[in-house]
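Please look through the sequence and the 3D structure shown below before reading on. The report that follows takes up a few features in turn, with the residues named so that each can be found.

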Amino acid sequence: MDEDQRVFDQAMGSRVRQARLRANLTQELLARKAGVSRASITNIEKGIQAPPPYRLARIASALSVEVAELLPPLSELAPTHDLPGHLAEAVASVQRMAQEMKDRDGEG
């Protein structure tokens, strides 16, 4: 894993943890609400594991936040250079999926 990916994953994990604490949820309860394992939540919060876009969208939904709130701004990551292409595409993919889920949920 390159340094940019590590920094991104850790910053995102920190944001997931902060949102979980604000929601007054344990890792176990968040895991159940999001349909993932508690170990996954632990690893995501530690920055060890990056959730795929769909899983991140489910976590955001379980936390009642927008996916964008869980993604660190570029200024936090690498203020002196652009986000690498693979990370930029991952962020864009998550944002697209979150919008699709929001649009679908709004139709029901």
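In which helix do E3 and R6 both lie, and how many residues apart are they? This is a predicted model, and in it both residues belong to helix α1, where they are three residues apart, about one turn of the helix.

## Helix α1

Following α1 comes N24, a residue whose phi is positive, near 60°.

Several residues of α1 are buried, among them F8, M12 and V16. The buried residues of α1 also include D9 and R20, and R20 returns below as a partner in a salt bridge with E45.

## Three salt bridges

When the whole structure is searched, three salt bridges are found. One of them joins E3 to R6, with the closest N and O atoms 2.3 Å apart. E3 has a relative accessible area of 46%, so it is partly exposed, and R6, with a relative accessible area of 31%, is therefore partly exposed as well.

Another salt bridge joins E28 and R32, whose closest N and O atoms are 3.8 Å apart. Both residues lie in helix α2, which covers residues 27-34, and they are four residues apart, about one turn of the helix. E28 counts as partly exposed because its relative accessibility is 36%, whereas R32, at 58% relative accessibility, counts as exposed, because the cut-off for that class is over 50%.

There is also a salt bridge between the side chains of E45 and R20, with a distance of 2.5 Å from N to O. This pair links distant parts of the chain, since E45 is in helix α3 (residues 38-46) and R20 is in helix α1, 25 residues apart. Are these two residues buried or exposed? Both E45 and R20 are buried.

## The largest pocket

The largest pocket has a volume of about 180 Å³. Two elements each give two or more residues to the lining of this pocket, namely α4 (53-63) and α7 (85-107). The largest share of the lining comes from α7, which gives four residues.

Which residues line the largest pocket? The lining is made up of A57, A60, S61, V65, E66, V67, A98, M101, K102 and D105. Sorted by class, six of the lining residues are nonpolar, one is polar and three are charged.

## S61 and K102

Two residues of the pocket lining, S61 and K102, can be considered together as a pair that is separated by 41 residues in sequence, while their C-alpha atoms are 9.4 Å apart in space. S61 is found in helix α4, and because its relative accessibility is 48%, S61 counts as partly exposed.

Notes:
Residues are numbered from 1 along each chain as its sequence is written. This is a predicted model: local features need pLDDT of at least 70, side-chain atom pairs count only at pLDDT 80 or more; totals for chains, interfaces and linings use all residues. Side-chain values use heavy atoms; hydrogens and water are left out. On a 1 Å grid over the protein atoms alone, a cavity is a set of points where a 1.4 Å probe fits but cannot get out, and a pocket is an open set with protein on both sides within 12 Å along at least five of seven lines; lining residues have an atom within 4 Å of a point. Grid points are joined across faces, edges and corners, and a volume is the space filled by probe spheres set on the points. Ala, Val, Leu, Ile, Met, Phe, Trp, Tyr, Cys and Pro count as nonpolar, Asp, Glu, Lys and Arg as charged, and the others, Gly among them, as polar. Buried means under 20% relative accessible area, exposed over 50%, partly exposed in between (1.4 Å probe, protein chains only). A salt bridge is a side-chain nitrogen of Lys or Arg within 4 Å of a carboxyl oxygen of Asp or Glu.
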